[in-house]
Amino acid sequence: MNWMYLGIAVIFEIAVAFSAGNAKGFTHLWWTVATLVSGAIATFFLSLALLTFDVGVGYAIWTSTAGVGVVAIGALFFGERLSWRKTLGIGLVIGGVVGLRLSGAA
C-alpha cells in the first residue's frame, strides 16, 4: 500500500509542476488553485507513504520520480527538447531510485 500512496503522490506532484507553470507566477486564478490543491493532495499521500518509508528515502524517491515524470511528459506532449544530457540524467536518477529500492527502504 505504501508504494501505491507514493505513486499517487508522484502523479499529483507532476500535476503541481504543470499547474504552477501555467499559473504564471500565480496570476491565473484557476491554475493557481490547481497548483495548491494538487500540492496538498501530493503532500497528503506522501505523508501516508512515509508511515512505512524512511523519510529521506521516501522523499528522494518522490521528488526524483516526479522530476523524471515532468521531463518525460514535457518531451512527449509539450515538444520540450530531450537532449542526450537530459536522457543521461534521467538514467542516473532511475539508477538512484533502483538503488534506494534495493537498499530495503520499504
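## Out on the surface

A residue counts as exposed when its relative accessible area is over 50%. L29 has a relative accessible area of 57%, so it is exposed. Keep in mind that this is a predicted model.

L29 is part of helix 2, which covers residues 29–49. Together with W30, V33 and V37, L29 makes a nonpolar surface patch of about 440 Å².

## Inside the largest nonpolar core

Now for the inside. The largest nonpolar core has 15 residues, and the ones touching the most other members are L6, A9, V10, I14, L46, I61 and W62. Helix 1 (2–23), helix 2 and helix 3 (55–77) are the elements that each give two or more residues to this core. Helix 1 is the top contributor, with 5 residues.

Which residues does W62 contact, leaving aside its neighbours within four places in sequence? The list is L6, A9, V10, E13, A42 and L46. Among them, L6, A9, V10 and L46 also turn up with W62 in the group of core residues that touch the most other members.

## A serine in helix 3

Helix 3 also holds S64. Is S64 buried or exposed? The cut-off for buried is under 20% relative accessible area. S64 comes in at 18%, so it is buried.

As for its partners, S64 touches V93 and V97 once you set aside residues up to four places away in sequence.

Conventions. Residues numbered from 1 in each chain as written. Predicted model: local features only at pLDDT ≥ 70, side-chain atom pairs only at ≥ 80, totals over all residues. Heavy atoms only, no water. Patch = residues over 30% accessible without salt bridge, like charges linked within 9 Å, V, L, I, M, F, W, Y side chains within 5 Å. Areas by Shrake-Rupley, 256 points an atom, 1.4 Å probe, with all protein chains shown as cover. Salt bridge = Lys/Arg side-chain N within 4 Å of Asp/Glu carboxyl O. Helix = DSSP H or I, 4+ residues; strand = E, 2+ residues; numbered from the N terminus. Buried < 20%, exposed > 50% of the residue type's maximum accessible area, 1.4 Å probe, protein only. Core = buried A, V, L, I, M, F, W, Y, C linked by side-chain atoms within 4.5 Å. Contact = heavy atoms within 4.5 Å.
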